[in-house]
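The sequence and structure come first, and the notes follow.

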Amino acid sequence: MDSKEIDLLVRRLEVSAGGADFPIVTQLAERQHDPFKILISTVLSLRTKDEVTGKATEKLFRLASTPEGMMKLSEEEIRQAIYPVGFYRNKARQIPEICRDLVERFFSRVPDTLEDLLSLKGVGRKTANLVLSLGYGQEAICVDTHVHRISNRLGLVKTKTPEQTEFALQDTLPRCYWSRYNTLLVSFGQRVCRPVSPLCSSCLLGDLCPRISVTSHR
DNA sequence: AAAACGGGGGC
DNA sequence: GCCCCAGTTTT
């Protein structure tokens, strides 16, 4: 796929994903340029729907908005604030831990390198890359289940794991598309090209999808 | 590579 | 009741 075809694909994804008015894009834009907020909200978003995560993040930040403040919150306080995101045992425990790490090892700042971000407890490649991309404006591809699934469905990559997808996309996509691409694909994956009962009839990319007539896209 | 983790909400 | 979800960690 040459760069002209890729540019066309990204544009078509933009149209299919519904453009900037889509809630996820709006929410992400609001969190932009605040790496700490992006980090915390992404940890909260693990296996949880994004509308729920957005509200939970706001409530939590009303309690404390800095690593210093947040590391002092009790598990119970956090649990109440972030209801109903689920995964409380992990999340309510990890947040003060991450904040303590930020204060003690990184001078209360969210790191801006992949290696440092991955050293935080509960932060994996997807979270780390999202912080780099949205928080620090670096070109990064963060691969979640949507990006993994749809990149394969569109034939951009042929991979088994999200990590393989990340590296394959780095080879396939020019850098300038990385940040736009992953945000778009998540929107597209949630509203149109869903894992279960995808809206193929209203999808504008049917000609690129080998499974257009198949009922399930899993 | 696969399983464990883990809980509210939608149907 | 059953299944799904912007993942990460452990076996």
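**Helix packing in a predicted model**

The model is predicted: local features need pLDDT of at least 70 and side-chain atom pairs count only at pLDDT 80 or more, while totals for chains, interfaces and linings use all residues. Residues are numbered from 1 along each chain as its sequence is written, chains are lettered from A and ligands numbered from 1 in the order in which they are written, and side-chain values use heavy atoms, with hydrogens and water left out.

**α4 and α6**

- α4 and helix α6 (residues 75-82) pack at about 140°, and their axes lie 8 Å apart; axes are lines fitted to C-alpha atoms over the stretch in contact, and angles run from 0 to 180 degrees between N-to-C directions.
- Ala 56, Lys 59, Leu 60 and Leu 63 of α4 meet Glu 77, Ile 78, Gln 80, Ala 81 and Ile 82 of α6, where contact means heavy atoms within 4.5 Å.
- The residues of this contact divide into 6 nonpolar, 1 polar and 2 charged; Ala, Val, Leu, Ile, Met, Phe, Trp, Tyr, Cys and Pro count as nonpolar, Asp, Glu, Lys and Arg as charged, and the others, Gly among them, as polar.

**α3 and α4**

- Helix α3 (residues 35-44) packs on helix α4 (residues 50-63) at an angle of about 125°, with 9 Å between the axes.
- That angle makes α3 oblique to α4.
- On the α3 side, the contact is made by Phe 36, Lys 37, Ile 40, Ser 41 and Leu 44; on the α4 side, by Thr 53, Ala 56, Thr 57, Glu 58, Leu 60 and Phe 61.
- Of the residues in the contact of α3 with α4, 6 are nonpolar, 3 polar and 2 charged.

**Burial of α3**

- α3 is mostly covered, with 10 of its 10 residues buried, that is, under 20% relative accessible area with a 1.4 Å probe, protein chains only.
- Among the buried residues of α3 are Pro 35, Ile 38, Leu 39 and Val 43.

**The chain as a whole**

- Chain A has 12 helices and 0 strands; helices (H or I, at least four residues) and strands (E, at least two) are DSSP runs, numbered from the N terminus.
- Of the 218 residues in chain A, 48% are buried.
- Among contacts in chain A with a separation of 6 or more, 57% come from residues 24 or more positions apart.

Technical notes:
Parallel < 35°, antiparallel > 145°, perpendicular 65-115°, else oblique. Buried < 20%, exposed > 50% of the residue type's maximum accessible area, 1.4 Å probe, protein only.
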